[in-house]
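Here is a set of questions and answers about the words used to describe a protein structure. Each answer sets a value against a definition and then draws the conclusion.

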Amino acid sequence: MSLILSFVSLALLAALYKIYRRLTRTPVSNIPGPEPESFVLGNLRQLIQCQAGEIDFKWQELYGDVVRFKGPFGEDRLLVSDPKALQHIYQTSRYDFAKQAERREISRLLSGRGVLWAHGYDHQRQRKIMNPAFGPRETKAFVPLFSDVASKLGGKWKDFISQSPNQESVIDMTNWIAPATLDAMGIAAFDYEFGTLDNSDNELGNAFANMCVEVFGSLSAKDILRQALAGYLPKAVFRYIGDNAPNHRLEQLRKASAVATKVAKELIDGKVEALEDGKGKSDVMSLLVQANVSENESTRMSEEEMIAQMRKEREIRERGDRELSASDFDTMPYLTAVIKESLRFHPASPSTYRETMKEDVLPLLKPITTLSGKVITELPVPKGLKVVTSINGYNRHKDVFGHDSHVYDPERWLVPGRIEKTAYVGVYGNLLSFAGGVRSCIGWRFAVLELQAFIFELVGNFEFALAPAALRIRRESGIVMTPTVEGEIGKGNQLPLIVRVATRED
């Protein structure tokens, strides 16, 4: 305990020193924003404890697309949803807006020194090695696999529903969809049968079940302060705490990481052996192993890096019973519109956390009137400034997605002119749901095709309605957005729906 107290004291001193050096006024200090709730926590409690996007939308409406809010001890920070500023952060600046130090450490604990953690040259190298496995042709080949897993899931639902007297059941989507997607990812990425749909005691599945809620959700004021102070610690000290501190959230994270590392090592050993026997396959891990035997050092990964990569309706019914392929989705524009609108309205990642590596200037789509009355069209930012990019705020930006951007409407993707391309930001539909630029989600094509295959199969065979508890769904904000039921956070992820087998018309 005394060691931890020493670390906390060190963090406080480091934080106060850095903040003292930043107290000279900068253009950021003159940007409109909310008054801090307290000097110690600033506005962090409002930002972190609310539902995903809730405070983003409120502040965006009150103060605009660039909001100055307070971090610990009066430190100025920015919440950004301006399209041109986001284009600069994600696309133009490349690595000049890096992950905040404390967020990188979370990535290391969660998935090792892989592509989520890496920065600069290491990130470029890892992406270059992995990109061929996630190209359009490679990912399209997995559609029949996704369809098979979704069909298997549907078969289990039908068995479950058939036992109900009224031929309908309340099914918690999170207890079924997550295992199904893990099974699909296991085969496609690693040629490995996780079998979580058949085995509820699967070690890897259990290790990551409810982790986002239990580790990253429902943070208390003390948790928020502890997390904020961590960013001021020397990296070695922060790393030591992450690996050793007796904290229940960190202990669960370390446990999940250990299980994932064990499984990853077993899979890599099997892939190496298969490659030596001339039996290499085309799954993602096999391609990485093949790249690793290259004599070119820039195309190789260390074993640690390899392990880290792994700790990672009408249209439908009219198609018939042919085997599903990626080209089928080209004839289903409404399905694609529904997926884009769902990703826009409920992005899995509510925001990203960045820090400026040097002095820079943010271009602005909409001018800002500063607190002193000056109108500016660009914003100088100092080195070391912490920035939160609001994915929720951008995805519902009225200048991009229309005056009704807070309304769920797939039709906006089918009517020309309803969506404005004010700036190039994201990789899919110009949404920020998969981020953008050098740090965009490498598996976004994989995710979209998996979504299309699952929705095609399930909506084509089942009818869904809201269960009573679904009316109290909360968009829980953690490292990713997860559905929980208001007042039942202790039960973890929940999304209960009434499901019945779809009736067929002759």
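Q: What do the words buried, exposed and partly exposed stand for?
A: A residue is buried when its relative accessible area is under 20%, exposed when that area is over 50%, and partly exposed in between. The model shown here is a predicted one.

Q: Which residues of helix α13 are exposed, and which are buried?
A: In helix α13, which covers residues 235–244, the buried residues are V237, F238, I241 and G242. On the other side of α13, K235 and A236 are exposed.

Q: Why can the buried residues of α13 be said to line one face of the helix?
A: When one looks down the axis of α13, its buried residues fall within an arc of 135°, and therefore they line one face of the helix. In general, an α-helix has 3.6 residues a turn, so residues three or four places apart point the same way.

Q: Why is F73 called buried?
A: The relative accessibility of F73 is 9%, and because buried means under 20%, F73 belongs in that class. F73 is placed in the loop between β1 (66–70) and β2 (76–80), and its phi is near 60°, a positive value in a residue other than glycine.

Q: Why is R94 called partly exposed?
A: R94 has a relative accessible area of 39%, which lies between the limits of 20% and 50%, so R94 counts as partly exposed. R94 lies in the loop between α4 (83–92) and β3 (97–99), and here too phi is positive in a residue other than glycine, with a value near 55°.

Q: What makes the contact of K358 with D96 a salt bridge?
A: The closest N and O atoms of K358 and D96 are 3.4 Å apart, and because a salt bridge asks for a side-chain nitrogen of Lys or Arg within 4 Å of a carboxyl oxygen of Asp or Glu, the pair qualifies. K358 is partly exposed at 42% relative accessibility, and D96 is partly exposed at 25%.

Q: How do you know that R474 and E476 form a salt bridge, and are these residues buried or exposed?
A: The side chains of R474 and E476 meet at 2.8 Å, N to O, and because the limit is 4 Å, this is a salt bridge. Both R474 and E476 are buried. Elsewhere, salt bridges that share partners join E341, R344, D404, D409, R412 and R418 into one network.

Definitions and conventions
Residues are numbered from 1 along each chain as its sequence is written. This is a predicted model: local features need pLDDT of at least 70, side-chain atom pairs count only at pLDDT 80 or more; totals for chains, interfaces and linings use all residues. Side-chain values use heavy atoms; hydrogens and water are left out. Buried means under 20% relative accessible area, exposed over 50%, partly exposed in between (1.4 Å probe, protein chains only). Helices (H or I, at least four residues) and strands (E, at least two) are DSSP runs, numbered from the N terminus. The arc is that of the directions from the helix axis to the C-beta atoms.
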